[in-house]
Amino acid sequence: MTHQVTLQVQAPRSGLFNITEQVQQAVAESKIQCGMCHVFLQHTSCSLVIQENADPSARQDLENWLARLAPENDPLYTHTLEGPDDMPAHLRTAVTHTSENIPVIQGKLGLGTWQGLYLWEHRHHTSRRQLVVTVMGT
Amino acid sequence: MTHQVTLQVQAPRSGLFNITEQVQQAVAESKIQCGMCHVFLQHTSCSLVIQENADPSARQDLENWLARLAPENDPLYTHTLEGPDDMPAHLRTAVTHTSENIPVIQGKLGLGTWQGLYLWEHRHHTSRRQLVVTVMGT
Amino acid sequence: MTHQVTLQVQAPRSGLFNITEQVQQAVAESKIQCGMCHVFLQHTSCSLVIQENADPSARQDLENWLARLAPENDPLYTHTLEGPDDMPAHLRTAVTHTSENIPVIQGKLGLGTWQGLYLWEHRHHTSRRQLVVTVMGT
């Protein structure tokens, strides 16, 4: 069985935003009990990560650390026409993930207790992002 | 066909530990000949990578390089309540992988000659880690 | 339905090379309309990323940025017997991706308008690389 749906999400600002609930909803609709859920972002300036869902300070540190690793206005960049946050967004996407796979166990996302699925928006002016969720299994 | 099993693994210390054999065992049990094997860690302070299985010095360099990239006691961190190795563990997980997918070819993991699947434990005090292995195919 | 094929690709030099067309071909051959396409590299010194397919300057910046992050001849390295570009290649692979999953929508790769799938060759002397493409769905 294969169930596929496109979701639209928009982050209020740059940073990590929990999208576990929307994806869980797509898994429930699929009626699939055992298998895998693939979540794919159709963009190159935002990404996905599975991270701690408890203390927001961890997400803030992730954002600040990655911003230091791939900063704006680095003299190394030649791709600057789309604004100072564009090339950093591509770099931050390259070292995180365009898609994540999560097992489906007894009809639900098989995340650990402390795991959440996050959209990581890397642009300052956010826009609507398309997520393709594909659930496969039995 | 879908086969799903939960494995428990514990690394003896922080670093990379080869878990290819345990996962290969789950693939053999599935009887699936052609498809995909998804390995998912239900944690946010350890990760998975596929890396060279020959010379242990490569794994040592990986560990040292990532420790320099996301060091302990960085003044940037605000998430410090769970110990000096907790926030580095989340960062190191974010830039590596919570899950890996490996093709199943003729009933076996389709890894290249020099590839092994590694649990990368990022905490000093290790604990038992849960891995969900989902094998799908025909 | 499961369709699996092995492709061979060789980059002309180190850097990012668009392999979307070859993978799209494998999806077309599969006749699968809705599902997922898994692309797996059987190597540990090259990797995959999904990145902007428009302006080549973005790929040049990716290459230069990652080369700075994991440079050649870093005194940290002990794994040096296979040449100065070998250990950087493993590190660059660890923080990007050995495999990528892309949804299959109406018989085609469900990439966004600006997304392309790239082989990222990290060695200077390139060689033929094996890609296992597994398409699953209905």
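User: In what order do the strands of the open sheet of five strands in chain A stand?

Analyst: The order of this open sheet in chain A is β1-β8-β3-β5-β6, and its pairing is antiparallel. The structure is a predicted model, in which local features need pLDDT of at least 70 and side-chain atom pairs count only at pLDDT 80 or more, while totals for chains, interfaces and linings use all residues. Residues are numbered from 1 along each chain as its sequence is written, and chains are lettered from A and ligands numbered from 1 in the order in which they are written.

User: Why do β1 and β6 of chain A count as edges of this sheet?

Analyst: Pairing requires that DSSP find at least two bridges between two strands. The strands β1 (2–9) and β6 (108–109) of chain A each have a single partner strand, so one side of each is left without a neighbour in the sheet. The elements themselves are DSSP runs numbered from the N terminus (helices H or I, at least four residues; strands E, at least two).

User: What makes β3 and β5 of chain A a pair?

Analyst: They are joined in the antiparallel sense over six bridges, against a requirement of at least two. Within this pairing, A:Phe40 stands opposite A:Ser99 in β5(A).

User: Which strands form the open sheet of three in chain A?

Analyst: They are β2, β7 and β4, in the order β2-β7-β4 with antiparallel pairing. Its edges are β2 (15–18) and β4 (46–52) of chain A, each of which pairs on one side only. Direction ignored, neighbouring strands of the sheet are turned by 35 degrees against each other on average. Such angles are taken between axes fitted as lines to C-alpha atoms (for helices over the stretch in contact), and run from 0 to 180 degrees between N-to-C directions. The pairing of β4(A) with β7 (115–121) of chain A extends over seven bridges, and A:Cys46 stands opposite A:Glu121 in β7(A).

User: Why are α2(B) and α3(C) called oblique to each other?

Analyst: These helices, α2 (56–69) of chain B and α3 (86–94) of chain C, pack at an angle of about 60 degrees with their axes 10 Å apart. Angles under 35 degrees count as roughly parallel, over 145 as roughly antiparallel and 65 to 115 as roughly perpendicular, with the rest oblique. The pair α2(B) and α3(C) is therefore oblique.

User: Which residues of α2(B) and α3(C) meet?

Analyst: From α2(B), B:Ala58, B:Asp61, B:Leu62 and B:Trp65 meet C:Met87, C:His90, C:Leu91 and C:Ala94 of α3(C). Contact means that the C-beta atoms, placed from the backbone, lie within 7 Å. This contact comprises six nonpolar, one polar and one charged residues. Here Ala, Val, Leu, Ile, Met, Phe, Trp, Tyr, Cys and Pro count as nonpolar, Asp, Glu, Lys and Arg as charged, and the others, Gly among them, as polar.

User: At roughly what angle do the axes of α2(A) and α3(B) cross?

Analyst: They cross at roughly 60 degrees and come within 10 Å. That makes α2(A) oblique to α3(B). The crossing of α2(A) and α3(B) is right-handed.

User: What rotation superposes chain B on chain A?

Analyst: A rotation of 120 degrees does so, with 0.0 Å of shift along its axis and an RMSD of 0.0 Å. The two copies are thus related as by a three-fold rotation axis. In chain B, the residue whose C-alpha comes closest to the axis is B:Val95, at 3.1 Å.

User: Why is it said that chains A and B meet through different surfaces?

Analyst: Only 12% of the interface residues of chain B are also interface residues in chain A, so the surfaces used by the copies differ. The contact takes 24 residues from chain B and 30 residues from chain A. By class, the side of chain B that touches chain A has 10 nonpolar, 14 polar and no charged residues.

User: Which element gives the most to the side of chain C that touches chain A?

Analyst: The contact takes 30 residues from chain C and 24 residues from chain A. Of the elements of chain C, α2(C) gives the most to that side, with eight residues.

Conventions
Copies are superposed by least squares on the C-alpha atoms of residues with pLDDT of at least 70 in both. Two residues are in contact if their C-beta atoms, placed from the backbone, lie within 7 Å. A crossing is left-handed if the near helix is turned anticlockwise from the far one by less than a right angle, and right-handed if clockwise.
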